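Please look at the sequence and the structure below.

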Amino acid sequence: MNVSEFVTSIGDDLTSWRRRFHQFPELGWTEYETTYLIGSELEELGYELYLGKEALVTEERMGVPVEETLQSAETKARNQGVPEEWLEKMKGGHTGLVAKLDTGRPGKHIAIRFDIDALPIAENKEGLASHFPTKQGFQSHYPNVMHACGHDGHAAIGLGVATFLSAHQGALTGSFTLLFQPAEEGSRGAKSMVEKGWLDDADVFLSGHIGISPMQVGEVVASAKGFLATSKLDVTFTGRSAHAGVEPQEGKNALLAAAAASLHLHAIPRHSGGETRINVGTLHAGSGRNVIPDHAAMSLETRGETSELNQYMEDEAVRIIQSSALLHGVQAAIQIVGKGVEATDEPGWQEFLQEATAYNDRVVKVRGSLPLKASEDVAYMLNHVRERGGKATYFIFGTPLAAGHHHPLFDYDEKVLEVAVNIYASSILSLLLDEE
């Protein structure tokens, strides 16, 4: 079969899907409309779908929004035309889905994961007319929510791969599991899918990411490494309100406790055992200039080259937060809302991909590996498959970037969508040929 010609034939669909997802971005555990759009396409392709609690373990989800936020997102999805039967299955933040295709012939079980959530970022807040999504009229329709990391493209690529498998299932062997994962941002969603057992018997696991490092379209990294372990913490400081002029001595200043903690958190000594990170991302406190602040809310994250190093950073962070609260006579409640593990690359994938794409004119260069120096929820999946004797890798699909990831002007060359589908399809065919 001619993979390149097939990908060319669905090129317009890939662009259309990407732009549709980009216009209607949804944050982790609220991807109701996104899940429905993906699922409705997969239904037409003949996939067996697993939705809601069928797709993930409820108790293993992390950082699920409060009920009010979930209900608001469900109402918005309902108004956008998501059918009631779909919303009922996804109710309470059970978004994402798993699609299965079994050829009925013996062969490998190949699993592929695509993440689908967006970020709490206002797109193009400078209002630049040159911003490509703005110029082409597909910028985010939702205030302060944006696909600023390429997950709109990942979802579109997933549909492209699904279309390829469906169209050629008569010539394929084995079975395929496509995981459209919610809540990757914040390392909150992968573990809930892993614990459902989808990857327990996977022979091969594939996933990937658009961009990451500046590369041209057609360049691909065969097996990324350097996934950092991470912890995501939400902290609430509770003090006592008082009149700042009449009786300041009666107050317990939660703002000062939070501010002190934020400064000292960034002063945690780095570890000689490897790379570590910490970042206080948000801090909200107080209610008025003449009121001793009785509340403060902080969100932060730690990272480490290994789970042990990340745990060192997390433990130090907890100690500093609690000490800062004690110093100012307030209470601190700490909640872990996300947790990611480390992962590395796997040998052999560069040679494999070079051979698989040898006659692929879209792939111009295959690089062996690339250190991410970041965290990715997919690490749970990579490790799970490898621990059971399977093969697993994480591709990086090259593209110039208009701005960095998690930036209001983030964008990429849409031709990367065709490259990615071509790489997945070529890899699948090569993996099946290895059986013969």
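Trp 349 is buried, and Phe 352 is buried as well, where buried means under 20% relative accessible area, exposed means over 50% and partly exposed lies in between (1.4 Å probe, protein chains only). The model is a predicted one, in which local features need pLDDT of at least 70 and side-chain atom pairs count only at pLDDT 80 or more, while totals for chains, interfaces and linings use all residues. Residues are numbered from 1 along each chain as its sequence is written, and side-chain values use heavy atoms, with hydrogens and water left out.

Both Trp 349 and Phe 352 belong to helix α11 (residues 349-356), three residues apart, or about one turn of the helix. Helices (H or I, at least four residues) and strands (E, at least two) are DSSP runs, numbered from the N terminus. An α-helix has 3.6 residues a turn, so residues three or four places apart point the same way.

Aromatic pairs come next. A pair of aromatic rings is described by the distance of the centres and the angle of the planes. Rings of Phe, Tyr and Trp (its six-membered ring) pair if their centres lie within 6.5 Å; planes under 30 degrees apart count as stacked, over 60 as edge-to-face and the rest as tilted. The structure holds 13 such pairs. One of them joins Phe 227 and Tyr 394, edge-to-face, with 5.3 Å from centre to centre and 75 degrees between the planes. This pair links distant parts of the chain, with Phe 227 in strand β7 (residues 225-227) and Tyr 394 in strand β14 (residues 391-397), 167 residues apart. Phe 227 counts as buried because its relative accessibility is 1%, and Tyr 394 counts as buried at 1% too. The ring centres of Trp 349 and Phe 352 are 5.2 Å apart and their planes are at 80 degrees, so this pair is edge-to-face. Elsewhere, Phe 114, Phe 180, Phe 395, Phe 397 and Tyr 424 form one aromatic cluster.

Charged groups also sit over rings; the criterion is NZ of Lys or CZ of Arg within 6 Å of the ring centre and within 35 degrees of the ring normal. The charged end of Arg 18 is over the ring of Tyr 412, 4.2 Å from its centre. Lys 76 lies over the face of Tyr 142, at 3.9 Å from the ring centre.

How do the helices pack? Two packed helices are described by the angle between their axes and the distance between the axes. The axes of α11 and helix α13 (residues 415-433) come within 9 Å and cross at roughly 100 degrees. Axes here are lines fitted to C-alpha atoms, for helices over the stretch in contact, and angles run from 0 to 180 degrees between N-to-C directions. From α11, Phe 352, Leu 353 and Ala 356 meet Ile 423, Ser 426, Ser 427, Ser 430 and Leu 431 of α13. The residues of this contact divide into five nonpolar, three polar and no charged.

Helix α12 (residues 379-387) is largely enclosed by the rest of the structure, because eight of its nine residues are buried. Among the buried residues of α12 are Tyr 380, His 384 and Arg 386. Gly 389 follows α12 and has a positive phi, near 90 degrees.

His 131 is in the loop between β3 (109-115) and α6 (132-136), and counts as buried at 5% relative accessibility. Not counting residues up to four places away in sequence, His 131 touches Glu 123, Asn 124, Pro 408, Leu 409 and Phe 410. The C-alpha atoms of His 131 and Phe 410 are separated by 8.9 Å, although the residues are 279 apart along the chain. Ser 324, in helix α10 (residues 307-327), is buried with a relative accessible area of 5%. Leaving aside neighbours within four places in sequence, Ser 324 is in contact with Ala 257, Ala 260 and Ala 261. Ala 99 is in strand β2 (residues 97-102) and is buried, with a relative accessible area of 0%.

Most residues other than glycine have a negative phi, and most peptide bonds are trans. Asn 124 has a positive phi near 50 degrees, and Asn 144 has a positive phi of about 65 degrees.

How values were computed: Contact means heavy atoms within 4.5 Å. Ala, Val, Leu, Ile, Met, Phe, Trp, Tyr, Cys and Pro count as nonpolar, Asp, Glu, Lys and Arg as charged, and the others, Gly among them, as polar.
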